[in-house]
Amino acid sequence: MKLSTVVEARNLVLEGKGRVLLSHFHLELHAGLCTVVLGPKGSGKSILLKAMAGIYPVSAGELYIEGINLRENTYKAKQRVGYIPEEKLLDPAFSAMDNLYIFSRLHGITPRNTKDLIKQQLRVYQLEEMGNYDVSKLSECERERFLFIRSLVNDPRFILYDQPVDDTERDKQWARQFISRCKQEKRGVLVATDNLDFAQSIADYIIVLNDGKCIFEGEPKSLVSEHVGKEIVEFLIKPEDVDYYINKIKGRHSYQLIDNRLKIYVKAGQDSMSALQLAVSDDINLRKVNLRDVYDWSLTNKDKEYASN
C-alpha cells in the first residue's frame, strides 16, 4: 500500500551563526507513521523541527508541507503543522485552558469550534481538573500534555515533537499514547529525542544525524541487521591488549572499541561461538543487538570499511 507523503524536504540547508547546521538533507514523512531523528547534541535535530514548523529560516533547498512550499507560503504551510517544542512552556499570563483557546484563535479558529475537541482531549490526557490552573503550578509532564492538545487544535496532518519528557516511565507512557493516537488518526509524527530505548519503542523509521548530516536511515530492524548483525560478543580488555585483539578480529568480524570494552559484531551466516573463542576475559557477554549498538557504531566505528560489507 502506497503511503501518503505529508512532508518532503529536498537538499535542505539550514545555517546559523556563520556555519551550516544541516547540510543537503532529504526527507519524506508519511501519514500514520512515526519517524525518529537521533543524534548527539548539536547534530541538527531541533533546528530541523523548527524549520519544518516555520519558525527557523531555510537557507537553501525545498521544503513542502502537503505540497505547499513552506518558503513561498509559510503561513499556509504552518496551518498544516502541529508543533511540540523542546521547552515545554505555556504563557504564564493565562490559565492552561486559555492558552489552548488563544492558540486556536492564532490559527483563525474560534473557541466554539474547538470546544468539543479540547474537552475530549482533556479527558484523554486526564487534565479535566487542571484547565483553570496557573501554568506555573503544573509539572513539566502536565504542561507537555496540554501541549499535546494545543498541537491538535488546527487538525494538522503531521506533528513535530521535540524531546519528549521521559524522566519517568509514566512520562514515557503518556508520550507513547499520544504518538499512538496520532498514528491511528493517520497523522505523521516526527520525533527528535536523545533517548535510544524510547526511540526503539516508538519508531517506524529512524534517521541519525551527526554534524548536520544524515549518516544513515531506515527501519529499525533493517538498520540493526544491515549494520551490526544479529549478536554481539562484548568484553573488557586492557589498554595494552588493544592491538593484539584488533589484529585477531580484523578481517573476520566488524568490531568497535568503546572505553576499553570491545564489541565483536556477529552477522548473519557467522558463528557466535567462534567470536566468543576470540575473547579471553573474566567479563564476557553474548547478547542480541539493539538500536543503541547501531547508534554507537554509526558515530564511533573505526572499522567502517569492513563493517559495511
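Let me start with the open sheet: four strands in the order β12-β13-β11-β14, with antiparallel pairing. Two strands count as paired if DSSP finds at least two bridges between them. Helices (H or I, at least four residues) and strands (E, at least two) are DSSP runs, numbered from the N terminus. The edge strands are β12, residues 254-258, and β14, residues 284-288, and each pairs on one side only. From one strand to the next, the twist averages 20°. Angles here run from 0 to 180 degrees between N-to-C directions, and the axes are lines fitted to C-alpha atoms, for helices over the stretch in contact.

Before going on, the source. This is a predicted model: local features need pLDDT of at least 70, side-chain atom pairs count only at pLDDT 80 or more, and totals for chains, interfaces and linings use all residues. Residues are numbered from 1 along each chain as its sequence is written, and side-chain values use heavy atoms, with hydrogens and water left out.

Back to the sheet. β12 and β13, residues 261-266, run antiparallel and are joined by five bridges. Tyr 255 has Ile 264 in β13 as its bridge partner. Helix α9, residues 242-249, packs on the sheet and touches β11 (231-236), β12 and β13; contact means heavy atoms within 4.5 Å. The direction of α9 makes about 5° with that of β13. Helix α11, residues 291-300, lies across β11, β12, β13 and β14, and runs at about 85° to β12.

Next, the rings. The structure holds eight aromatic pairs. Rings of Phe, Tyr and Trp (its six-membered ring) pair if their centres lie within 6.5 Å; planes under 30 degrees apart are stacked, over 60 edge-to-face, and the rest tilted. Phe 148 and Tyr 161 are edge-to-face, with 5.7 Å centre to centre and 85° between the planes. That pair links distant parts of the chain, with Phe 148 in helix α5 (residues 140-152) and Tyr 161 in strand β7 (residues 158-162), 13 residues apart. Phe 148 and Phe 178 are stacked, at 4.2 Å centre to centre and 5° between the planes. Phe 178 lies in helix α6, residues 169-184, and Phe 148 in α5, so this pair ties together parts 30 residues apart in sequence.

Are these residues buried or exposed? Phe 148 and Tyr 161 are both buried, and Phe 178 is buried as well. Buried means under 20% relative accessible area, exposed over 50%, and partly exposed in between (1.4 Å probe, protein chains only).

Ring pairs link Tyr 125, Phe 148, Tyr 161, Trp 174 and Phe 178 into a cluster. Arg 145 lies over the face of Trp 174, at 4.4 Å from the ring centre, and Arg 170 lies over the face of Trp 174 at 4.2 Å. The criterion is NZ of Lys or CZ of Arg within 6 Å of the ring centre and within 35 degrees of the ring normal.

Last, helix α3, residues 96-106. Its buried residues are Ala 96, Met 97, Asn 99, Leu 100, Tyr 101 and Ser 104. Their cover includes α4 (111-124) and α5.
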